[in-house]
Amino acid sequence: MQLGSARPQSAEMTPGPGFRYRRNTRGPAPELVHRFGAFGAADVSDMMNRLYTMNPSIKPVTPRELRLLGRACTVKVFPGDNLMVHKSLDLANPGDVLVIDASSSMMTAVIGDLVSTKARHRGIAGVVVDGLVRDLDGILALGDFPVFARGTTPLGPLHRGPGEVNYPVSVGGIVVNPGDVVLGDADGVVVVPQESAESLLQRLDARAAGAAEYQSAVARGEFSNSWVDTMLDGNGLASEPDLD
C-alpha cells in the first residue's frame, strides 16, 4: 500500500447514532388522527399556547388547499444527501407524514417527483422538509400529494448517508418524535405531541361551538372590544388627551 492511500477512519460510516433506522408503531390511532382534520392549523396552534408551530419559512409548495395530516415518520439526513429518505419509504406506515430534518440546508433538494410518486404509492400522506425540493411540476402533476418545504432548487441530492429514520428530529424549530401528529394547511405546519393528542382534541371539540358562534357574530358586525380596555386597565395604562 502506498503511503497516504489508506482511507481516514473519520471518513467511515459507523452504525449507531447518526446512521440507523427502525419501524415505528407508536402514536395515536388513525381514527383519532383523522379527527384533527376538522380543525385548522391556527386553531390547533392556539390550543397549544402557540409553541408547537414550525417556522413559517416551511410552507406549502403544492396547492394551498391540499391539507397535510398524519403521524410523523421522522427522517434525519446529512445536508445534501437523501439516502435515508429512500429507506423511509420502506418503513413508513400508510397514512404517515414524512418529516425530514435536512438542517435547513439550501444545498440540494431532499425529495423530487420520483420520491413523491413512490411515497404516494405507499400510502404516505405527504411530506414536510426542513430544506428544499425539486421537480415541482412533477409533484404538482400528482394532484393530491401535499408537500411543505423551504423552497425549490433543480440541484439534486447525493445518496450516500448517513442519516436516521424514526428518531427525534428538529424541523422548523420544533422537536418532532415518531408518531406525533403533523397538521399542515395554508397557514403552515403544527405538531401535536402524541401523548397530548387525545386531550387536545377534547378541548378543541369543547371550544368549537363557541368559536363558530363568535366568528358568525363578527361576520355580522356584532362584536365588542371591551376586553381590550379591560386588559389595558389591568396593566395600568391610561388614555392620554386626544389630539385637537
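Predicted model: local features only at pLDDT ≥ 70, side-chain atom pairs only at ≥ 80, totals over all residues.
Local features here need pLDDT of at least 70, side-chain atom pairs count only at pLDDT 80 or more, and totals for chains, interfaces and linings use all residues. Residues are numbered from 1 along each chain as its sequence is written, and side-chain values use heavy atoms, with hydrogens and water left out.

I start with the sheet. Helices (H or I, at least four residues) and strands (E, at least two) are DSSP runs, numbered from the N terminus. Two strands pair if DSSP finds at least two bridges between them. Three strands make an open, parallel sheet, in the order β5-β7-β9. β5 (109–111) and β9 (151–152) are at the edges with a single partner strand each, so one side of each has no neighbour in the sheet. β7, residues 132–133, pairs with β9 over two bridges, and V133 stands opposite T152 in β9.

Next, the cores. A nonpolar core is a set of buried Ala, Val, Leu, Ile, Met, Phe, Trp, Tyr and Cys residues joined through side-chain atoms within 4.5 Å. Buried means under 20% relative accessible area, exposed over 50%, and partly exposed in between, with a 1.4 Å probe and protein chains only. The largest core has 26 residues, and V85, L98, I100, I111 and V129 touch the most other members. The elements that each supply at least two residues of this core include β3 (68–77), β4 (97–101) and β6 (126–130). Which element gives the most to this core? That is α3, with four residues. Contact means heavy atoms within 4.5 Å. Leaving out residues up to four places away in sequence, V85 touches V75, V77, I100, V110, I111 and V115. A second, separate core of 16 residues includes L32, V33, A41 and A197.

Now helix α4, residues 113–121. V115, S116 and A119 are buried in α4. These residues are on the same side of α4 because they cover an arc of only 100° around the axis, taken from the directions from the helix axis to the C-beta atoms. The buried residues of α4 pack against α3, β5, α5 and β8. On the face turned away from the buried side are the exposed residues L114 and H121. After α4 comes G123, with a positive phi near 85°.

Last, the ring of Y167. A charge sits over a ring if NZ of Lys or CZ of Arg is within 6 Å of the ring centre and within 35 degrees of the ring normal. The charged end of R20 sits over the Y167 ring, 3.8 Å from its centre, and R22 lies over the face of Y167 at 3.9 Å from the ring centre.
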